Amino acid sequence: MAEGVRAAATVGEAARYGSLLLAHALRRPREWIVAHPEERLSEEQRAMFAGLCERRGAGEPIAYILGNAGFYGREFFVNGDVLIPRPETEHLVDEAIAFVKRRRGAVSVLDVGAGSGAIACSIAAETAAVVVGTDISETAIAVAHQNARRLNVADRCAFVHGDLAEPVHGRRFGAIVANLPYVPRGDLPAAPDPLSFEPRVALDGGSDGLATYARLVPQLPPLLESGGLLLLEAAPPTIGRLQRMLQSAFPRYAIEQKHDYAGLPRYLKAVI
Ligand SMILES: C[S@@+](CC[C@H](N)C(=O)[O-])C[C@H]1O[C@@H](n2cnc3c(N)ncnc32)[C@H](O)[C@@H]1O
């Protein structure tokens, strides 16, 4: 437990992590632990609990240890091959869902850099949209497939391996969303920072943080149906530059900066 506590900043965090890890080691819900304080741990359970605490103590995010992350009211399977979905991305999902619901008829949605499938599966689960996700990481694609099956949206959610929008070349979509890597390479932290456990390909946005978006933006105009919606998540310090990039690719579109829970500009919304 001491190792697990080392990664926690507060007593509350230590208590929460401790009970989550113990529940995981015992394969029981947390409520069971509270209701059974007299229950004895087997040797195997003690070793398992100690191992989990050690991983947490080394800085590994709790979501990877538990293999689970909550996003938009659902539980997603996650492992070290995918970014842990972030609460700030839920705003972009809200916006995509509202757009799909407003449109009459079936809407097709493209999610570039789908990772765990958090965005794509949430849109599919909340609407009748047909969603295609792409990712450069084959192992991330496998996780996204797993989540689509877990959330019963595999019939309307396809995930394809490839670079940016290359796998869907020649197709058109009513909405395109992307949360591509946007951390400037020089800002990528080293272990034991929790970010260092996430895949570099999910974070590394090149020297200025916009290298991947700079390749994506010119691919977008032929992919978007007339009157379609574009949503791109970015880092607050570089969002202005991304906005200018997007404006020159879509001169007739109104492009707005939208804010996250912390009030920071977090994604761009482009509509005609
Ligand atoms: C910031 S993560 C976002 C994952 C997921 N969309 C989410 O919001 O949780 C970026 C994702 O983009 C993928 N990616 C990076 N470069 C890519 C490229 N050139 N083509 C397609 N996907 C890419 C990474 O593998 C990673 O899964």
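**Exercise 1.** Identify the helices and strands that each supply at least two residues of the lining of the largest pocket.

*Solution.* The model is predicted; local features need pLDDT of at least 70, side-chain atom pairs count only at pLDDT 80 or more, and totals for chains, interfaces and linings use all residues. Residues are numbered from 1 along each chain as its sequence is written, and side-chain values use heavy atoms, without hydrogens and water.

Step 1. The contributing elements are strands E3 (108-112) and E4 (130-135) with helices H7 (118-126), H9 (200-203) and H10 (211-216). Helices (H or I, at least four residues) and strands (E, at least two) are DSSP runs numbered from the N terminus.

Step 2. H9 gives the largest share, three residues.

**Exercise 2.** Describe the residues that line the largest pocket.

*Solution.* Step 1. The lining has 41 residues; Leu83, Asn179, Leu180, Pro181 and Ala202 lie nearest the centre of the pocket. On a 1 Å grid over the protein atoms alone, a pocket is an open set of points where a 1.4 Å probe fits, with protein on both sides within 12 Å along at least five of seven lines; lining residues have an atom within 4 Å of a point.

Step 1. The space taken by the ligand is this largest pocket; a molecule sits in a pocket if more than half of its atoms lie within 2 Å of its grid points.
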